[in-house]
Every structure is written in C-alpha cells, then in structure tokens.
Amino acid sequence: MRRSLLLIISCCVVLLGTLAVANAQTKLPQVKFRERTLANGLRVLSVMDKSSPTVAINVWYHVGSKDDPDQRSGFAHLFEHIMFKSTKNMKAEMMDRLTEDVGGNNNAFTQDDVTVYYEVVPSNYLETLLWAEAERLSSLTVDDENFKSERAVVQEEYRQSVLAPPNGRFFYVLDQKSFTAHPYKRPTIGSIEDLDAATVENVIKFHDTYYRPDNATLIVVGDFDPKQLDAWVDKYFASIAKPRLPLPRVQVTEPARTGEKRFMEYAPNVPLKGVGITYLVPSEKSEDAASLMMAAIILSQGRSSRFYQSLVYQQQVAQSASARDDLREDAGLFDLVAFVANGKKPEDAESSLRAEIKKLQDTPVSAAELEKARNLIVTSQLRQRETNLGRGQALGRAAVLLGDPNRVNTDLEQLQAVTAADVQRVAKKYFTDENAYVFYYLPESARPKPSTMDGQAKGGQTK
C-alpha cells in the first residue's frame, strides 16, 4: 500500500514536470547568418555549418504569378521551366548534370510572390554551382525554341493538375474567384489560352524586367569558408549589371468584402461534391498571421481536430474537411473545404462548417488544443531546420516575403505566444458572413437546364 502510494506520488511529480516542460516555450537553435549586398543590388545571405560536407544554394527572385502580365497568366511559372534550358555557356538541362551527376539534386518552385531555384551538392562543388546560377541569371537563352517547348510542358502540367484530377477545377476556381481586383486572381499555373496568346517577345520583356540582380537574393547554407564564398560571389555575380529599367511592383489593393457571394461550379468528373468557403485575411506580415495559423491547425490538423471529429466522424456529413491559412505577401485567404459524403447534401456540409466556425468564435479553445497546435508547429520547424536546404528556405521566406531575415529567429516565439483569446479574436474579426465567399462544386449533370422561356427571352431557340 505504502509502495503504491509512493509510486503514485512519484508518477504525479514526473507528470507535472513533463507538463511544465511542454508548456515552456521551445527555443530553436538560432540561425546565425551573414548578410551583404553587392553594388548591383544582389542580396547575399549565408549560414556556415560544417556538420556535413554539403551545401545548399537558394536563389529567390522576387517575382511570382501576381506579376504575370495582364491576360498572360502563367509567365512566372513558365520561367521556372525556361531557367533550366540553355545559356550562353551551358547546354539545356546542364543544371541536372552539375547536380545529379555528383550525388546532389536541384529543383524550383513558383508561388504568388516569388520564384525560387535551389541545389544541394557536395561542398566541393559550391563554386561550380555559383557560376551556374550567375550564368543563368545573366546569359539565359530566351528564344522561340525554348519558349515553345517549355510552354507545352506548362500546358501539360495544367491538364494534369487542373483538368484531369476530380477536384482540380475546384481548387483552381477558389483562387480565381476569391479575389476581385488583386492579380492573385490569376492562379500560378496559368491557363492554356493565355499561354497560347503569348509571344517570345512577351517572354523576353518579362525576363528583362524581373530576372536581375537587384531582384534576387542568394542564400548559401552549409560547409564553406566565408572568405572564399565572398570571393566566389564577387567573381561570378558582381559584374552582372543592374538594369536601368524600373522594377515594377504590384500596387493594387484587394478591397474589403462587403457581403457574402456564392458561386456554383460544375465539372465533368466530380465523384464527391465539394463545398468551399473563403475569407479574405491580411498579409503574412500581419500581427494576426500567427493566430490564423493556429486556428487552421485547431480546426483541421489530424484526427483529433474539430472538423474531423465533427463533420467526418460524428455527423458523417463529409468524407474530408480542411482549413488552410493561405497567407501571402499582399493579402491572403483562409479556406474551408469539405467534400460531401455520399447521401448528404452540400448544404449539410456548409451548415456544419459554419457551426464549427461559430463555436470557435463563441468559446475559447481548450488548453489541450492550443498545446497540440504549438507542438505541431514546433515539430514542423525543427524538422525543416535539420537540413541545409530547410534552413536556407526558412531564411529566404523571412528575408524576401517577411522583409526581415531575422524573423527566421523570432517567428516561432510569436506562434508560441498565441493565446486562446487571440484565436477567438481573429475568428470573430475575419470569419464573418460579410467576408465569406461560398463555392459549391457539383457534377456537370447537376447543372440546371435552360428553360424554354429562358431561350425565348434571349431570342434563342431550345430543343
């Protein structure tokens, strides 16, 4: 009995200690970066880490799909592909040979606000890759052959990611119709029609406008000598001239929403009907960004989340349900998406989504939910920073999108400082009926047939 009592006391002490540790703010290792800017405007950030003989190179260009020319959506994405073609001194696809053939890798991605290219290679190939990045910045071959071949690749990506998947059109239209004025309404992947209308002259102008040293941030993380890195950067990048052309920035501001709008979208291959609700939210630089991120995790991350427990498990109104904080440089969206279970109606899923939002607004989230969200965020960031590439991309996001590279060291504290009251506050502030755009995604067979009277009223004929 006495031994059992001592054991219980002991377990309680351990449990209390564990909870105290869990509730204390986790401190990530500081990213100790060096920063310099060349005379031509190129920004250089570097982090030395000799724990492995590898190095990650990132080049962030501050140009994304929001910068696509009017009626030429897909240009930023198209350039992501063209940058892997030939230059004055490199054959097409040579970046693959310089990385994959020495045991490394390379890739790129295009977002609304940036286009990013990166390589990971053994550190003794750092100079070679710096030369290659400078080469494709200064001497890219933008000709009719490269343009047409990569345009065809991008158009095929559109078919595979938008037209072929059952829900491809749904997610495409959520972006396209959730913005009314800002160029975020042009989805990053572009459209076949806009790309068909483009000319090689359009492409050359886009390249000359945005692919320039004063619009680029070079980030190097890994095993290198700082003095040697500076010498190589000066050798290969310093001679690239800064263009005299002005560097345009999007000046359009998305207006506040003043009332709910509803959209009915139809597609030929819709196995499960979809419901989407988007709310307009501020920039990722906003003080509310951390609270919105926490709200998304609480609503839909994992099987213990509110959406899964309520819509999927208990009510069985949805096959899946998610919330996403889609934050961007200028303005963002907070998306709710549910795919309706067989035998249920879209109206049922919409009602359930709104009910969960109402609970978030009316009652503070529990301490356990908040702690789970914090743990997920901490885990994600710790995993990202285990690699040179992950640290480089975290630093790039802080420097280019958030405007301050040191936010790579401070943002986690902001996230961990979010309280239940903060989550409730942003839910009340942004998740309102006046700020909601509602989308129903239905099979083509559900599209209403035009009536005879409709045809006569329009001066047409019906069969």
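Two strands count as paired if DSSP finds at least two bridges between them. Helices (H or I, at least four residues) and strands (E, at least two) are DSSP runs, numbered from the N terminus.

## Basis

This is a predicted model: local features need pLDDT of at least 70, side-chain atom pairs count only at pLDDT 80 or more, and totals for chains, interfaces and linings use all residues. Residues are numbered from 1 along each chain as its sequence is written, and side-chain values use heavy atoms, with hydrogens and water left out.

## The five-stranded sheet

Strand β8 (residues 274-281) pairs with strand β10 (residues 332-340) in the antiparallel sense, over 8 bridges. Within this pair, Val-275 stands opposite Ala-338 of β10. Both strands belong to an open sheet of 5 strands, ordered β7-β11-β8-β10-β9, with mixed pairing. Its edge strands are β7 (261-267) and β9 (318-326), and each pairs on one side only.

Neighbouring strands here are turned by 15 degrees against each other on average, direction ignored. Axes are lines fitted to C-alpha atoms, for helices over the stretch in contact, and angles run from 0 to 180 degrees between N-to-C directions. Helix α11 (residues 306-314) packs on the sheet and touches β9 and β10. Contact means heavy atoms within 4.5 Å. The direction of α11 makes about 155 degrees with that of β9.

## The six-stranded sheet

Another open sheet has 6 strands in the order β1-β2-β6-β3-β5-β4, and its pairing is mixed. At the edges stand β1 (34-37) and β4 (105-110), each with a single partner strand, so one side of each has no neighbour in the sheet. The twist averages 15 degrees from one strand to the next.

Strand β3 (residues 54-61) pairs antiparallel with strand β5 (residues 115-122) over 8 bridges. Trp-60 stands opposite Val-116 of β5. Asn-58 has Tyr-118 in β5 as its bridge partner. Helix α4 (residues 126-138) packs on this sheet, touching β3, β5 and β6 (216-222). Its direction makes about 155 degrees with that of β5. β3 also pairs with β6, again in the antiparallel sense, over 7 bridges. There, Tyr-61 stands opposite Ala-216 in β6. Of the 8 residues of β3, 7 are buried, which leaves the strand mostly covered. Buried means under 20% relative accessible area, exposed over 50%, and partly exposed in between (1.4 Å probe, protein chains only).

## Salt bridges

Side chains of opposite charge can pair when their charged atoms come close. A salt bridge here is a side-chain nitrogen of Lys or Arg within 4 Å of a carboxyl oxygen of Asp or Glu. The whole structure has 41 of them.

One of them joins Asp-223 and Lys-50, with the closest N and O atoms 3.0 Å apart. Asp-223 lies in the loop between β6 and α9 (226-237), and Lys-50 in the loop between β2 (43-48) and β3, so the pair ties together parts 173 residues apart in sequence. Asp-223 is buried, at 18% relative accessibility. Lys-50 is exposed, at 52%.

## Salt bridges within helices

Lys-148 forms a salt bridge with Asp-144, the closest N and O atoms being 3.1 Å apart. The two are 4 residues apart in helix α5 (residues 144-163), a separation of about one helical turn. Lys-148 is partly exposed at 45% relative accessibility. Asp-144 is partly exposed too, at 35%.

In the salt bridge of Asp-362 with Lys-358, the closest N and O atoms are 2.6 Å apart. Both residues lie in helix α12 (residues 346-362), 4 residues and about one turn apart. Asp-362 is partly exposed at 46% relative accessible area, and Lys-358 is partly exposed at 45%. Elsewhere, salt bridges with shared partners join Asp-112, Asp-175, Arg-324, Asp-326, Arg-328 and Asp-335 into one network.

## Helix packing

Helix α14 (residues 388-401) packs against helix α15 (residues 407-416) at about 90 degrees, with their axes 9 Å apart. The two are therefore roughly perpendicular. Angles under 35 degrees count as roughly parallel, over 145 as roughly antiparallel, 65 to 115 as roughly perpendicular and the rest as oblique.

Ala-394, Leu-395, Arg-397 and Ala-398 of α14 meet Arg-407, Val-408 and Asp-411 of α15. By class, this contact has 4 nonpolar, no polar and 3 charged residues. Ala, Val, Leu, Ile, Met, Phe, Trp, Tyr, Cys and Pro count as nonpolar, Asp, Glu, Lys and Arg as charged, and the others, Gly among them, as polar.
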